[in-house]
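Dear colleague,

I am handing over a structure that you have not worked with before, and I would be glad if you could look through it before reading my notes.

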Amino acid sequence: MEKVYTGKTKDVYALDNGHYLLKFKDDCTGKDGVFDPGENAVGLTIDGIGDVNLRMSVYFFEKVNAAGILTHFVSADLKETTMEVLPAKVFGKGLEVICRYKAVGSFFRRYGDYIEEGADLPAYVEMTFKNDAKGDPLVTEDGLVDLGVMSHEQYADTKAMTQKITAIVAEELAKKGLVLYDIKFEFGYDKDGRVMLIDEISSGNMRVYKDGEYVDPVTLSKLFFA
């Protein structure tokens, strides 16, 4: 296999069949040793988080595929902590999409003058360019279109898919008494320009609470699969 990309939480390899292999790692985004899915750099390492992130990703990708939403998921090897995926082009140099149900984290830090911390949000979707040096700058729909990153139609599809997938995740978490505050996704597009969910759907990319208390990624996975 040829290694084609080294990421913060996963490495990517090219396969002979034209697909790609994602190798999950134990690194998490955060700051000062505290996990935060909205941060743009690795902040801590949690033993075993790569394994549980893969298991949760497989669970949710199967749910999302069953709902008729296009993803890159093909199969997974839990023993090797790897996932085989379809080829997809990223938007621009990489685009992150966050769906928020609560005003917390980086959202509250930006907009705290206008909203109380923890207030409800209506599946608020925001997009940021993946750029560590610039702090993953926010970008609007017009910005994405005018910069040639995506079309208005692709933006609309990405937003709608994000809200649908977030609802699926939130519903599954709620069955375990868990409340989703926000979640981070990545999207790309196939050779025909169709938007598809890529990357992962895991505890390392979501902020979840239980009985008003924050649940860390490892504990979240244990509760989810209990």
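Is Ala 123 buried or exposed? At 15% relative accessibility, Ala 123 counts as buried, where buried means under 20% relative accessible area, exposed over 50% and partly exposed in between, with a 1.4 Å probe and protein chains only. Before going further, please keep in mind that this is a predicted model, in which local features need pLDDT of at least 70 and side-chain atom pairs count only at pLDDT 80 or more, while totals for chains, interfaces and linings use all residues. Residues are numbered from 1 along each chain as its sequence is written, and side-chain values use heavy atoms, with hydrogens and water left out.

Ala 123 sits in strand β11, residues 120-129; helices (H or I, at least four residues) and strands (E, at least two) are DSSP runs, numbered from the N terminus. Ala 123 has a positive phi of about 55 degrees, although it is not a glycine. Most residues other than glycine have a negative phi. Asp 136, likewise not a glycine, has a positive phi of about 50 degrees, and this residue belongs to the loop between β11 and β12 (138-139). With a relative accessibility of 9%, Asp 136 counts as buried. Gly 135 lies in the loop between β11 and β12 and is partly exposed, its relative accessible area being 45%. Although Gly 135 and Ala 41 are 94 residues apart along the chain, their C-alpha atoms are separated by 9.0 Å.

The open sheet

Five strands, in the order β1-β2-β3-β8-β7, form an open sheet with antiparallel pairing, where two strands pair if DSSP finds at least two bridges between them. The edge strands, each pairing on one side only, are β1 (2-6) and β7 (73-77). On average, and with direction ignored, neighbouring strands of this sheet are turned by 25 degrees against each other; axes are lines fitted to C-alpha atoms, for helices over the stretch in contact, and angles run from 0 to 180 degrees between N-to-C directions. Helix α1 (residues 49-66) packs on the sheet and touches β3 (20-24), β7 and β8 (82-85), its direction making about 145 degrees with that of β7; contact means heavy atoms within 4.5 Å.

The largest pocket

The largest pocket has a volume of about 750 Å³. On a 1 Å grid over the protein atoms alone, a pocket is an open set of points with protein on both sides within 12 Å along at least five of seven lines, and lining residues have an atom within 4 Å of a point. Of the 28 residues that line the largest pocket, Tyr 5, Val 12, Val 90, Lys 130 and Glu 186 are the closest to its centre. The elements that give two or more residues to this lining are β1, β2, β3 and β13 (179-189).

Glu 200 and strand β15

Glu 200 is found in the loop between β14 (195-198) and β15 (206-210), and this residue is buried, with a relative accessible area of 2%. Leaving aside neighbours within four places in sequence, the contacts of Glu 200 include Thr 9, Lys 10 and Phe 24.

Strand β15 is mostly covered, four of its five residues being buried. Four bridges join β15 to β13 in an antiparallel pairing, in which Ile 183 has Met 206 as its bridge partner in β15. Three bridges join β15 to strand β16 (residues 213-215), again antiparallel, and the bridge partner of Val 208 in β16 is Val 215. Lys 210, which is found in strand β15, counts as partly exposed at 28% relative accessibility. In the hairpin of β15 and β16, with two residues between the strands, Asp 211 takes a positive phi near 55 degrees.

With best wishes

Key: 1 Å grid on protein atoms, 1.4 Å probe; cavity = no way out; pocket = protein on both sides within 12 Å on 5 of 7 lines; lining within 4 Å. Points joined across faces, edges and corners; volume = space filled by probe spheres on them.
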